[in-house]
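Hi,

Here is the structure I promised to pass on.

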Amino acid sequence: MTRRLLMQSAPSVEQLVREDLVRGAALAIDLAVFEGDGVKEPLGIVNTSDVNTVAVNSDGSPTWAEIVDFESAVDADNALMGSLGYVTTAAVRGNLKTTSKDTGSGRFLLEDGLVNGYPLYVSTQLASNRIIFGNFADAMIGMWGVLEVKPDEAALAASGGLVLRVFQDVDVGIRHGESFAYGT
C-alpha cells in the first residue's frame, strides 16, 4: 500500500484493500486444492497418488470419447456419486462450447452449462488445458483460526508505504482419490 493510499480515511478504501486480501487468500487455497504439490502447500487433487488420469488432446480440445473417459474412470472405481462435476480453464471451456459431439447432430460438448450431464466450472487456478472431473465433496478443506493480516512496515519504509501479509492455516484432504480423474 502506498503512502498516499494510507492517507485516505475513506472506509471504502479500507474495504477495497480487505476484499483484495481475502480474494488473494481464496485463490491460493483454490490453487492448493487443485494443483497443490504437498511440499510448501497442501497436496491437491492432481498430485494425489490414487487419482485417475485420462489421456486428453494436449491442445485443450477433448473429444466426446475423452470426456466420457473421465466419467468411466471414476465409475470403474465405484466412485461415481456425490457432488460430481467438471472444472477446467476458460480456454478449454471455450473449446468445449465449439466442439461438436459428433458429425451432423449439431450438439456440442458443453451445452447449457453441462458437459456429459454434469456441471462445468471454470477456474484460473488450473494448469493450462487441465480438466478435472469428480466428486468435489471428497476434496475437504480444513481451516484453523481466522485470516490474519500482519503489517510489514519495514519493506516499504523508504517510501512511507506498507506491505500487508496474510496468513491462513489451511489443509486439504482428498478423501478418496478414486473420486477424481484429470486429463494428462
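This is a predicted model: local features need pLDDT of at least 70, side-chain atom pairs count only at pLDDT 80 or more; totals for chains, interfaces and linings use all residues.

Asn78 sits in the loop that links helix H3 (64-76) to strand E2 (84-88). Its phi is near 55 degrees, which is a positive value in a residue other than glycine.

Asn129 also has a positive phi, near 65 degrees, and again this is not a glycine. You'll find Asn129 in the loop between strand E5 (118-122) and strand E6 (131-135). Asn129 comes out as partly exposed, with 24% relative accessibility.

Now the overall picture. The protein chain has 4 helices and 9 strands. Reading from the N terminus, the order is α-α-β-α-β-α-β-β-β-β-β-β-β. The chain's radius of gyration is 20 Å, while a compact globule of 184 residues would come in near 16 Å. The C-alpha trace spans about 65 × 35 × 25 Å along the principal axes. Of the 184 residues, 36% are buried. If you take contacts between residues at least 6 apart in sequence, 70% of them join residues at least 24 apart.

What is the sense of the pairing between E1 and strand E9 (residues 180-183)? The two are parallel, joined over 3 bridges. Within that pair, Thr53 is opposite Tyr182 of E9.

How many of its 5 residues are buried? The count is 5 of 5, so E6 is mostly covered, taking buried as under 20% relative accessible area. E6 pairs with E2 in the antiparallel sense over 5 bridges, and in that pairing Tyr86 faces Phe133 of E6. E6 is also joined to E9 by 3 bridges, again antiparallel. Phe133 turns up here too, with Ala181 as its bridge partner in E9. If you are colouring by face, remember that side chains in a regular strand alternate between the two faces of the sheet.

One last stop is Asn47, in the loop between helix H2 (11-35) and E1. Asn47 is partly exposed, with a relative accessible area of 39%. Leaving aside neighbours within four places in sequence, what does Asn47 touch? Its contacts are Glu35, Gly36 and Asp37. Asn47 and Val166 are 119 residues apart in sequence, and their C-alpha atoms are 25 Å apart in space.

Happy to talk it through once you've had a look.

Cheers

How values were computed: Residues are numbered from 1 along each chain as its sequence is written. Side-chain values use heavy atoms; hydrogens and water are left out. The radius of gyration is taken over C-alpha atoms; the globule rule is 2.2 Å times the number of residues to the power 0.38. Buried means under 20% relative accessible area, exposed over 50%, partly exposed in between (1.4 Å probe, protein chains only). Contact means heavy atoms within 4.5 Å. Two strands pair if DSSP finds at least two bridges between them.
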